[in-house]
Amino acid sequence: MKASEAKIKIQIMHDWLMTPVGRYMLEWEENLFQTLSADIFGFNALQIGFSEINALKDSRIKNRWVSNQFFPEPPSSNATDGAAKLSLIHDIDRLPFASESIDLIILPHAFEFAENPHMILREVDRVLIPEGQVIISGFNPASLWGLRQSIGKLTGAYFLPSYAEFIGLPRLKDWLKLLNFEINRGHFGCYRPPCRTRHWLRRFAFMEKAGNRWWPFLGGVYLIQAIKRIHGVHLIDTAFRKRPRQIFQTIPVNHKTSGENPDQTS
């Protein structure tokens, strides 16, 4: 995939997150990411992509980074109050971290806009420590949102970002199991119909509780948490793991930036 094409795809998602339905999804995902990450301990945590979703805000891990492939064009990234600051710019399938150096990785919708999702997952497996955790979110094709998107492919009137490639939860689970990840838990959310306006999203707010109770697997978005298992290794406590001597590794830089030096998240 050309850099320009990848940037267009990511920018479309950034702009979509600023719409009423995008903010509705963003709020649900951000709350759940923050809740789950708050209970994970370690030295280093990384969120890859879409800094509008401030997933590591409540994390107790001291060293936290938020990375992306590009600097989002204004005003999309800065338009969201409370968005996380970018720390790194790098190719999404070439993580600039040493092997087995990261305790937690957050992947909001990373696979749906990538040319090679398998490569991303292999890189995640490489940099995670044994017993490290990954939390992934994605659009659920088996939902009203997924049905509306399928109709949009025929009519040209998309509801979700047009470039998004839906990856079903069963398929993602298979990928994780092949790399010896153990599924810890999964969540579904965003049960309201594919409405574009705040008015209609508010009108269908009752479907949030109803969907969670009566059709829990049909939410518009899913979130899955998995643990990297190594056969014969049982980590008792993070206190027994030595701090890695080197966190970052050197990789070629393919995308030139405007000379900005993003701050490191603390």
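Contact here means heavy atoms within 4.5 Å. With that in hand, let us take a friendly walk through the chain.

## The model and its ground rules

This is a predicted model, in which local features need pLDDT of at least 70 and side-chain atom pairs count only at pLDDT 80 or more, while totals for chains, interfaces and linings use all residues. Residues are numbered from 1 along each chain as its sequence is written, and side-chain values use heavy atoms, with hydrogens and water left out.

## The chain as a whole

The chain holds seven helices and seven strands. Both are DSSP runs numbered from the N terminus: helices are H or I with at least four residues, and strands are E with at least two. Starting at the N terminus, the order of elements is α-α-β-β-β-β-α-β-α-α-β-α-α-β.

Of the chain's 266 residues, 53% count as buried. Buried means under 20% relative accessible area, exposed means over 50%, and partly exposed lies in between (1.4 Å probe, protein chains only). The chain exposes about 13,500 Å², and carbon and sulfur atoms supply 53% of that area. Such areas come from the Shrake-Rupley method with a 1.4 Å probe, and for residues only the protein chains shown count as cover. Among contacts with a separation of 6 or more, 75% are between residues 24 or more positions apart.

## The seven-stranded sheet

The strands form an open sheet of seven in the order S3-S2-S1-S4-S5-S7-S6, with mixed pairing. Its edge strands are S3 (88-89) and S6 (181-189), each of which pairs on one side only. Two strands pair if DSSP finds at least two bridges between them.

Strand S1 (44-48) runs parallel to S2 (63-68), and five bridges join the two. Here Ala45 stands opposite Arg64 of S2. S1 also runs parallel to S4 (residues 102-108), with three bridges between them, and Leu46 has Ile105 of S4 as its bridge partner. Five of the five residues of S1 are buried, so this strand is largely enclosed by the rest of the structure. Asn44, Leu46 and Ile48 point one way from S1, and Ala45 and Gln47 point the other way.

## Strand S7 and its partners

S7 (residues 221-228) pairs with S5 (residues 128-139) in the antiparallel sense over seven bridges, and Phe139 stands opposite Val221 of S7. The pairing of S7 with S6 is also antiparallel, over eight bridges, with Gly186 opposite Ile224.

S7 is mostly covered, with eight of its eight residues buried. On one side are Val221, Leu223, Gln225 and Ile227, and on the other are Tyr222, Ile224, Ala226 and Lys228.

## Helices around the sheet

Helix H2 (residues 20-37) lies across S4, S5, S6 and S7, at about 20 degrees to S7. Helix H5 (residues 169-178) lies across S5, S6 and S7, at about 10 degrees to S7. For these angles, axes are lines fitted to C-alpha atoms, for helices over the stretch in contact, and angles run from 0 to 180 degrees between N-to-C directions.

Helix H3 (residues 117-127) has several buried residues, including Ile120, Leu121, Val124 and Val127. The buried residues of H3 pack against S4, S5, H5, S6 and S7.

## Loops worth a look

Asp58 sits in the loop between S1 and S2. With a relative accessible area of 40%, Asp58 is partly exposed. Leaving aside neighbours within four places in sequence, Asp58 is in contact with Gln34 and Ala38. Asp58 and Ser37 are 21 residues apart in sequence, and their C-alpha atoms are 7.1 Å apart in space.

Most residues other than glycine have a negative phi. Glu100, in the loop between S3 and S4, has a positive phi near 55 degrees. Asn180, in the loop between H5 and S6, has a positive phi near 65 degrees. Both residues are partly exposed: Glu100 has a relative accessibility of 43%, and Asn180 has a relative accessible area of 37%.
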